[in-house]
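Thanks for coming. I have one structure to go through today, so please look at the sequence and the model as they come up.

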Amino acid sequence: MNDVTRILSAVEQGDPTAAEGLLPLVYEELRKLAAQRLAMEKPGQTLQATALVHEAYLRLVGDKDAWTWNSRGHFFAAAAEAMRRILVEAARRKNRIRHGGGRARGELDDGCLLTEAPSDDLLALDEVLTRLAARDPVRAEVVKLRFFAGLTMAETAQVLGISLATAERYWTFARAWLYAEMADPDRPPSG
C-alpha cells in the first residue's frame, strides 16, 4: 500500500490530521493535471492551475461525507470531477450578464482591433456529457476519467472495475457519440 492510499484510508476513517499529509503527496500530480486541463481551454481563461488545484482539493477534503476513496485512482478521478465542475462553474459565471456575458472581450493593441471572444466549448461539452451520463453513466465516467483526469485506459478500467477491452469499447463509443452530438448544434438530443 503506497503512502497516498494509506493516507486516504486514514482520512476515510476520520483521522483529522491525515488530510494535512495528503496535499504534499498529491500536489504535483494534481497541478500537472490542472495545467493539462487548462492548456486545453480557449484563450481568455483567467483561472490559474494553482487556484484550480486548491479549490478542487478543498472540495475533496472539505466535504467529510465524500471521503470514500478506495484507491489512489479513485481519488484522482474525484479530483478530476471536482476540477471539471469548477471549470464549468467558472464558464457559466463568465456568461452571466453581470460578469459581462454576451459581450465580446477585446484586447487593445496598436491598431485597437477587437478579437472574438472564446467560444463556450466547455459548457457545450458539459451539457452533452450530462446527457451521456443520463443515457449511460459508465461511458460518461470513462470520458471524465480519460479527458479530465488524464488517466490511461488501463487506469480507467481499474478505477471502474471493468476489463481493458470494455473500457476501450466504451471510450470509442463515447467519443463518437459526443462528437456527433457536438458537431450538429441544431440536432435534437438523442437517447
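Reading along the sequence gives α-α-α-α-α-α-α-α.

Now the chain as a whole. There are 191 residues, and 35% of them are buried. Of the contacts with a separation of 6 or more, 58% are between residues 24 or more positions apart. The accessible surface is about 11500 Å², with carbon and sulfur atoms contributing 52% of that.

Next, confidence. The mean pLDDT is 75, and 73% of the residues reach at least 70. Residues 108–119 fall below 50, and this stretch makes 10 contacts in the model beyond near neighbours in sequence. Where pLDDT is low, the predicted coordinates should not be read in detail. Among the helices, α1, residues 3–12, has the lowest mean, at 72, and α8, residues 164–183, has the highest, at 90.

That brings me to one helix pair. How do α7 and α8 cross? The axis of α7, residues 153–160, comes within 9 Å of the axis of α8, and the crossing angle is roughly 105°. Angles of 65 to 115 degrees count as roughly perpendicular, so α7 and α8 are roughly perpendicular to each other.

As for who touches whom, α7 brings M153, A154 and A157, while α8 brings L164, A167, E168 and W171. By class, that contact has 6 nonpolar residues, 1 charged and no polar.

Note on methods:
Residues are numbered from 1 along each chain as its sequence is written. This is a predicted model: local features need pLDDT of at least 70, side-chain atom pairs count only at pLDDT 80 or more; totals for chains, interfaces and linings use all residues. Side-chain values use heavy atoms; hydrogens and water are left out. Helices (H or I, at least four residues) and strands (E, at least two) are DSSP runs, numbered from the N terminus. Buried means under 20% relative accessible area, exposed over 50%, partly exposed in between (1.4 Å probe, protein chains only). Contact means heavy atoms within 4.5 Å. Accessible areas come from the Shrake-Rupley method with a 1.4 Å probe; for residues, only the protein chains shown count as cover. pLDDT is the predictor's confidence in each residue, from 0 to 100. Axes are lines fitted to C-alpha atoms, for helices over the stretch in contact, and angles run from 0 to 180 degrees between N-to-C directions. Angles under 35 degrees count as roughly parallel, over 145 as roughly antiparallel, 65 to 115 as roughly perpendicular and the rest as oblique. Ala, Val, Leu, Ile, Met, Phe, Trp, Tyr, Cys and Pro count as nonpolar, Asp, Glu, Lys and Arg as charged, and the others, Gly among them, as polar.
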